[in-house]
Amino acid sequence: MWKRAVCTKDCPDTCGLLAKVENGLIVSVKGDPDHPFTAGFICQKAGHFPEHVHSPKRITTPLRRIGPKGAGQFEPVSWNEALDEVAFQMQSISSEFGPQAILPYSYAGHMGLVHRNAGHAFFNRLGASHLDYTICSSAATAGYEASLGSGPSTEIQSAAQSDYIIIWGSNTLTTNIHAWPHFKTAQKAGAKLVVIDPYRNRTAQKADVHLMIKPGTDAALALAMMQVLIDRDMIDHDFISHKTIGFEKLKARASEYTPSRTSEICGLTENSIISLAEAYGKAKSPYIRTGWGPARQLKGAMAMRTIALLPALVGAFDKPGGGITRALGGAPSDLNSLIRPDLGLPCTRTVNMVELGNALTKLTDPPVKMLYTYLSNPAVVAPQSRDVLAGLAREDLFVVVQEMFHTDTTSYADIVLPGASFLEVTDLYRAYGHNYIQMAQPVIPRVGQSRSTLDIFQDLAARLSFKNKVFSLGEMDFIENFLVEDSPYLKGVDFEMLKSGKPVRLNIPSNPYADGFTTPSGKVEFYSQTMADQGLDPLPDGQVLRDPDGGNKYCLEFITPPHHFFLNSAFNEIDALREKVGQARVMIHPETAGTRGIADGDPVRVFNDRGEASFLAHVTYDTQIGLLVAEGLHWPSLSPGSGVNQLTSQRLTDMGKTCAFHCNLVEVQPQAN
Ligand SMILES: Nc1nc2c(c(=O)[nH]1)N[C@H]1C(S)=C(S)[C@@H](COP(=O)(O)OP(=O)(O)OC[C@H]3O[C@@H](n4cnc5c(=O)[nH]c(N)nc54)[C@H](O)[C@@H]3O)O[C@H]1N2
Ligand SMILES: Nc1nc2c(c(=O)[nH]1)N[C@H]1C(S)=C(S)[C@@H](COP(=O)(O)OP(=O)(O)OC[C@H]3O[C@@H](n4cnc5c(=O)[nH]c(N)nc54)[C@H](O)[C@@H]3O)O[C@H]1N2
Ligand SMILES: [Mo]
């Protein structure tokens, strides 16, 4: 029997799935042809969901540490023993050090609205340190918002009508595959497809033009495009005068970015910059898809803010097929009925999740005494992992990990709680690559003794005698609370269809910019008073910030984009996928490799003052001179020495306080035998 499900992985596409169930086991998973956006095809990773869910490596009982910290030696215990121990530690740490000595750490292992957010009310009520959820998109969001306001952007499907598509720092064919058919339709109809990316990723390989930009220089390139457009009078005066503010100031700033000066900043030829600007200016319906790559730089928010201004200069927002896409979709309500921010203490300490390493090794008053991790794998995904691992290894830190598999993080656990997979729970799913929501019911019973995230937190709340009603509600109660019919996104939503498990369109227009912008001025803000008030440069700024810790010792740039066959650190547990990926590799330009005596396939060591990682050298013209590229987050425990986050830093971006995962200076040398 085929049952409907929704992919819960942290990917813009949030696919509609069909799972075939035989004797209570999932034997096959395919795409749901009735999903309006994901349209019946899925990535190769999702095809492995049967192995993921029924893997012999699944953790099926609660576990208690019996060996030394970090050794990953456990004995099975009952749920009662495990949760009694967690509740006891919470109480005793709270009374000795205060509840802020407890730090929750979670992210996007499960994207359903209920379970992803199910711990918040509990930790708020407990008075624990508050986690700032910044590891992914907050710089991109802050940058876009400064220019265009908040909310969803141009719907991807409309790009099928565009005659000029720029994919700017997104590896669409790997990270957002269902956007591709729409871009392809446009390309077949004659549109030009341009990719702006520091390396020739899968998407760049299929583009008409690939501009191999130096990392961190996107704002300069966007300003140079503006300079050319203004200089050649290829701008939409009507749109600019009615729907933007600050044009004269922008014009002065852009004039500093001539193609010849910018050519040196970005590592692109003057001609390629001029051609890009002219083609964008001439296009009838120019469209830009930004990924998150340009935002994972120290001035990442500024980069996104500057790119997001381009459509306004040429009036692209008013042209069918034109516009710009970052994130789409939305939650039907503010989710406060589940998160209950009101239960938290107003003065609670906030810990930025990017700075986990610092939090575990340097925070005092109180120090972190308990880390409670769920739906995340911080030993692999968090930056500057040497500090993260040193923190996790502290003898005086009590670590709780809720997981489906033994990961590099569970190795450090004192208590491991087996989490149910998305195919075993009820939840409501929003997407960030399309405008549909969908509800899913369990496809199979829970595997082993695993429990859902909500279930675990409700049980802990009972043990701590938390009496608020929120701690007694179930999945469906929360979903009903989210679906408050006066929410603007739910206007016209077919609730019966939603309950039947089919995808339902939210009330979000394909062009959300048709009626104006949600900035303070209601217009596109070339000049942002809000930024000026915060002491920030109110205009776009093309200054480049490289890794400040590089000094004179390290001169190679190093970026760490996603792998085609992993989803952040997830899917490492699938042998077939891990074998397909093979050992971790680093792309090196032949000239960079040659001067260091490195040949293709050689084992190499990449290092800086933060740490080091081992790879096999992939010597290729797909990257530029001086740029190393390592795709994907391998688990160091399964692929020794390969942790790219040894080399990344906890420094925060200009706005949004996220991680500059792609802003690192390193050196590489052949591995000594
Ligand atoms: N297969 C697969 N799919 C995924 C993921 C995965 O790990 N694997 N991760 C998911 C998640 S959580 C997210 S947030 C999204 C991310 O999806 P993307 O936005 O596609 O990923 P990014 O890591 O942000 O990198 C995108 C591109 O930006 C480039 N880049 C790096 N620095 C710069 C720069 O300074 N300027 C420019 N122009 N480009 C730059 C990188 O080389 C990369 O090709 O994908 C999701 N989908
Ligand atoms: N160097 C570098 N580091 C990065 C990035 C990068 O591009 N470069 N990308 C960053 C980005 S964009 C993000 S979003 C973060 C992601 O950070 P995380 O959200 O921590 O990413 P995952 O690796 O997917 O880890 C999720 C964990 O949840 C578990 N899990 C998955 N599904 C379920 C489920 O249904 N139930 C339960 N109980 N558990 C489940 C998985 O087993 C997995 O170990 O990583 C960041 N780290
Ligand atoms: Mo992400």
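Me: How far is an oxygen atom of ligand 1 from an N or O atom in the side chain of D197?
Reply: The separation is 2.7 Å. This is a predicted model, where local features need pLDDT of at least 70, side-chain atom pairs count only at pLDDT 80 or more, and totals for chains, interfaces and linings use all residues. Residues are numbered from 1 along each chain as its sequence is written, chains are lettered from A and ligands numbered from 1 in the order in which they are written, and side-chain values use heavy atoms, with hydrogens and water left out.

Me: And what lies 2.6 Å from a nitrogen atom of ligand 1?
Reply: A polar backbone atom of F566. With ligands, a polar contact is a pair of N or O atoms within 3.5 Å; within protein, one must also be able to donate a hydrogen and the other to accept it, and residues adjacent in sequence count only if both atoms are side-chain atoms.

Me: How much of ligand 1 does the protein bury?
Reply: 98% of the 910 Å² that ligand 1 exposes when taken alone. Those areas come from the Shrake-Rupley method with a 1.4 Å probe; for residues, only the protein chains shown count as cover.

Me: Switching to ligand 2. Which residues come nearest?
Reply: G109, S376, E403, S569 and N645, out of 31 residues around ligand 2. A residue counts as near if one of its heavy atoms lies within 4 Å.

Me: What are the distances for E403 and S569?
Reply: A polar side-chain atom of E403 is 2.4 Å from an oxygen atom of ligand 2. For S569, a polar side-chain atom is 2.5 Å from an oxygen atom of ligand 2. Of the 910 Å² that ligand 2 exposes alone, the protein buries 97%.

Me: Which domains supply that shell?
Reply: Domain 2 (63-135 + 336-490) and domain 4 (556-670) each give at least three residues to the shell around ligand 2. The bounds come from an automatic or database domain assignment.

Me: Now domain 1 and domain 2. What area is buried between them?
Reply: About 2100 Å², with carbon and sulfur atoms giving 67%. That is the accessible area (1.4 Å probe) the two parts lose on being put together, summed over both. On the domain 1 side, V6, T8 and D10 lose the most area to domain 2, together 29% of what that side buries.

Me: How many salt bridges there?
Reply: Zero between domain 1 and domain 2, counting a side-chain nitrogen of Lys or Arg within 4 Å of a carboxyl oxygen of Asp or Glu. Eight residue pairs are in polar contact across that interface, both residues at pLDDT 80 or more.
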